[in-house]
Amino acid sequence: QVQLVESGGGLVQAGGSLRVSCAASGRTISLYAMGWFRQAPGKEREFVAAVSRSGSGTYYADSVKGRFTISRDNAKNTVYLQMNSLKPEDTAVYYCVAGTLQIKVFNPGIFGQGTQVTVSS
């Protein structure tokens, strides 16, 4: 089973940028579609973005479309989430997820432990 470890979270001002990374071990991520979820205080965990196994297909929640970019490097067994034009409402714990894609719907399977992203106004 793959293990996922996120890094790169932190505190950033509104309008700024941040890139979070997800390093995988145990199995190659090329076996999985990969995604990011987030959970803000008092809210349910929500889908943010996903990328297909090859990296050719990317999918985003409407709330982040045009601001966030998901990418993967299968050779490095790593997934990235580049976040631009950050807003205070993007504040959350961000989770890397290994899963599957079926008809453009990402089905989450294995979660990492999460990394905190805080956007100040």
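The points below begin with the basis of the values and then take the cores and the charged pairs in turn.

1. This is a predicted model, in which local features need pLDDT of at least 70 and side-chain atom pairs count only at pLDDT 80 or more, while totals for chains, interfaces and linings use all residues. Residues are numbered from 1 along each chain as its sequence is written, and side-chain values use heavy atoms, with hydrogens and water left out.

2. The largest nonpolar core has 31 residues, of which Leu4, Met34, Trp36, Leu81, Met83 and Tyr94 touch the most other members. A nonpolar core is here a set of buried Ala, Val, Leu, Ile, Met, Phe, Trp, Tyr and Cys residues joined through side-chain atoms within 4.5 Å; buried means under 20% relative accessible area, exposed over 50%, and partly exposed in between, with a 1.4 Å probe and protein chains only. Two or more residues of this core come from each of strand 3 (18-25), strand 4 (33-39), strand 5 (46-51), strand 7 (68-73), strand 8 (78-83), strand 9 (92-102) and strand 11 (115-120), strands being DSSP runs (E, at least two residues) numbered from the N terminus.

3. Tyr94 deserves a separate look. Not counting residues up to four places away in sequence, Tyr94 touches Glu6, Trp36, Phe37, Arg38, Val48, Phe68, Leu81, Met83, Gly114, Thr115 and Val117, where contact means heavy atoms within 4.5 Å.

4. Glu46 counts as partly exposed because its relative accessibility is 35%, whereas Arg38, at 5%, counts as buried.

5. Arg67 forms a salt bridge with Asp90, with 2.7 Å between the closest N and O atoms. This pair links distant parts of the chain, 23 residues apart, since Arg67 lies in the loop between strand 6 (58-60) and strand 7 and Asp90 in the loop between strand 8 and strand 9. Arg67 counts as buried at 11% relative accessibility, and Asp90 counts as buried at 1%.

6. Asp62 and Lys65 also meet in a salt bridge through their side chains, at 3.2 Å, N to O. Asp62 is exposed, at 66% relative accessibility, and Lys65 is partly exposed, at 49%.

Technical notes:
Helix = DSSP H or I, 4+ residues; strand = E, 2+ residues; numbered from the N terminus. Salt bridge = Lys/Arg side-chain N within 4 Å of Asp/Glu carboxyl O.
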